[in-house]
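Please walk me through this structure in the viewer, one selection at a time. For each stop, say what to pick and what is found there.

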Amino acid sequence: MSLDMIQMVLVTVLTAATPLIIAALGELVVERAGVLNLGVEGMMVCGAALGFAAAVETNSTLLGALAGAGAGMGLAAVFGLLTVGLAANQVASGLALTILGLGLSGLVGAGYVGQKREPAPHLYVPGLSDLPGIGRLFFGQDAFVYAGLGLAAGIAWFLWRTRAGLILRAVGDDHAATHALGLPVRGVRFFAVLFGGACAGLAGSYLSLAYTPFWAPAMTAGRGWIALALVVFASWRPGRVVAGATLFGGATVLQLHAQAASIGLPGQLLSALPYVATILALVLLSLGRRRGGSLAPAALGRDFTPHR
Amino acid sequence: MLRTTLGACLGALLLLASPTHAEDKLKVGFVYVGPVADYGYSFQHDLSRRALAEALPDKVETTYLENVPESDSERAIEKLARSGMGLIFTTSFGFMEPTLKVARKFPKVKFEHATGYKRAANVSTYSARFYEGRYVCGKIAATLTKTGTIGYIASFPIPEVVSGINAFMLGAQSVNPNVKLKIVWVNTWFDPGKEAEAAKALLAQGADILAQHTDSAAPLQEAEKQGKLAFGQSSDQYRFAPKAQLTAVVDDWSGYVIRETKAVLDGSWQSHDTWGGIKDGMVVLAPFTNMPADVKAMAEDTVKAIAAGKVNPFAGPVTKQDGSVAVKAGEIAPDPMILGMNWYVKGIDDTLPQ
């Protein structure tokens, strides 16, 4: 394998991981605040549809990405009103959100099926992007990839280095106590849900604007569910989400390359590899640091209705 | 509120396309597994519905249900049967058992099930010999490849896909016996991201022409982006890749649907099985583009020869991957062999997932 070939594989690994990273990071913040939103797939697919539609209409990738994030946020607001505002069941509401999102995206995107546009522009730094072996990997990606990695660093900093992050984690661990301290439990949760929706929508718009630049119904193909699972296996830590998503994306891409290179292993075994590898790695990781009890935010999935 | 939303969604799914009523017209219903706007499998079935409505505007009234999940199809089909349909086309393999169940309850309604193998007195089956089109694609690919390597993105190892791969390879070998075929199984019918990754992997491994048996246009777009060539799937996908698409194997059900509807109208309809190919107009190749005139002429001649019965993709001798003889020289593979194909022809360098 030549150096350029290895770089090509690494570049595709990172692009395959990016939608998972962005969506999973959003869900991580939501769950850290104690809310379980199973509607990631629905918000993602709506982000893909609306993002593509807006980008075609305005001819701007940036506006498309913003519209995608907005679509996810809009759906998340519905979810937030139901679960945080009215204390409706989070699991049922999340599942309904997925169904609603899939239907809605088909409606929004109906007029845009079969259209295509140029993929999102890639960064080009004269000199640096042309470096053999690493230039394209580090200096030649599109904005979504950098946004995803920046988001991971930003969220890690926010959750463990700021007062607001501490409050968010406290709300997710014990909503009764934080409420007694006079902290706005429902406000924090609602904003977390909105943030998660925006991330899911952004991840969806990445699919239709950069990854495969067209819109097709249900084009997320289950990535929202994988993002959800990644959050759990990453034991609610941003760094591990990035590692898990990269491992998953990497195994997916590598098994396709292995098949193309005819190494002679059956395709189904190779197709199962990403799932097996990711689960194994993340389970082992979380075993190492375990200090008894669950790693999940203690109030995850529990409704909160303040006493009046 | 939640239930209302859900109800509205389900209601929208079941929305009927033609609300007008006329008692003397034959009502013809169609059930699709995907969205009409998929520009692929379900889109092609809907084209046949539109062709029918245009061909017999005074005699039929058409209706369709789209996005019907296979698990919930019995309810959808029964709803159509109950609403006074005379003829119902159910167009996905997974609708087979539900179609038969509903057909037992409504003996006067005629049913047409696409790609299945079980029939009843009021249930016919129809399918197309897609592999004939893939044979033509194989010949084109082997003529045009510069690297001698062709990439093939496959979905699931079922006979329809395997016979397609074999026909493609036999077509390619008829031009160049040393041509290489690299196969990647993605284990999905539709996942644009994964299909694009598979396309990238194949192109990186030296393939310069891509064929696919998955439903999205992502591989075509990837080929276009890298200045390589590819074949469209199910439907003419030229709009996605005007510089890359060579042709596409297109399913054309219009002729069959109109013929069967006419048979119901004049009372001559009978339950039967139809497996039509290029000759019957059920398999059509999209316009040959992005190739020199002589290759185009060769492709057109091959299509004509298959239509005339002079060329058969599975005419012997056909040798299996392990060297044993599948079809002897001078013979032609019988239909049951093609319908149950679970082996590769010689020259394919891949292990067939079992």
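Start in chain B with strands β3 and β4 (residues 110-114), which pair in the parallel sense over four bridges. For one position in that pairing, pick B:I88, which stands opposite B:F111 in β4(B). Keep in mind throughout that this is a predicted model.

Helix α4(B) lies across β3, β4 and β5 (123-128) of chain B, and its course is at about 175° to β4(B).

**The parallel sheet of chain B**

Six strands of chain B form an open sheet here, in the order β2-β1-β3-β4-β5-β11, and the pairing is parallel. Which are the edge strands? They are β2 and β11 (273-276) of chain B, each of which pairs on one side only.

Now select strand β1 of chain B, residues 26-31. Five of the six residues of β1(B) are buried, so the strand is largely enclosed by the rest of the structure. To one partner, strand β3 (residues 87-90) of chain B, β1(B) is joined by four bridges, and the two run parallel. B:G29 marks this pairing, standing opposite B:I88 in β3(B). B:I88 is also the residue picked at the first stop, opposite B:F111 of β4(B).

Strand β2 (residues 60-65) of chain B is another partner: six bridges join β1(B) to β2(B), again with the strands running parallel. B:V28 stands opposite B:T62 in β2(B), and B:G29 stands opposite B:T63 in β2(B). Is β2(B) largely enclosed or largely open? Five of the six residues of β2(B) are buried, so this strand is largely enclosed by the rest of the structure.

Together, β1(B), α2(B) and β2(B) make a right-handed β-α-β unit.

Select strands β6 (residues 149-154) and β8 (residues 209-212) of chain B. Four bridges join β6(B) to β8(B), and the two run parallel. At one point in this pairing, B:I150 stands opposite B:I209 in β8(B).

**Where the chains meet**

Show both chains. In this view, 38 residues of chain B are in contact with 36 residues of chain A. On the side of chain B that touches chain A, at least two residues each come from α1 (2-13), β7 (180-185), α7 and α8 (218-225) of chain B. Which element supplies the largest share of that side? It is α7(B), with 10 residues. By type, the residues of this side of chain B divide into 20 nonpolar, nine polar and nine charged.

To display the contact, select A:M5, A:M8, A:T12 and A:A16 of α1(A) with B:G193, B:E197, B:K200 and B:A204 of α7(B). These residues divide into four nonpolar, two polar and two charged.

**Last stop in chain A**

Finish on A:A192, which sits in helix α9 (residues 185-211) of chain A. A:A192 has 27 other C-beta atoms within 10 Å; the cut-off for buried is 20 or more, so A:A192 is buried. Leaving aside neighbours within four places in sequence, A:A192 is in contact with A:V29, A:V30, A:A33, A:V35 and A:L168. Also label A:A76, which is 116 residues from A:A192 in sequence and 9.6 Å away in space, C-alpha to C-alpha.

Notes:
Residues numbered from 1 in each chain as written. Chains lettered and ligands numbered in written order. Predicted model: local features only at pLDDT ≥ 70, side-chain atom pairs only at ≥ 80, totals over all residues. Buried ≥ 20, exposed ≤ 12 C-beta atoms within 10 Å, placed from the backbone. Pairing = 2+ DSSP bridges. Right-handed = clockwise from strand over helix to strand, strands pointing away. Contact = placed C-beta atoms within 7 Å. Nonpolar A, V, L, I, M, F, W, Y, C, P; charged D, E, K, R; others polar. Axes fitted to C-alpha atoms, helices over the stretch in contact; angles between N-to-C directions.
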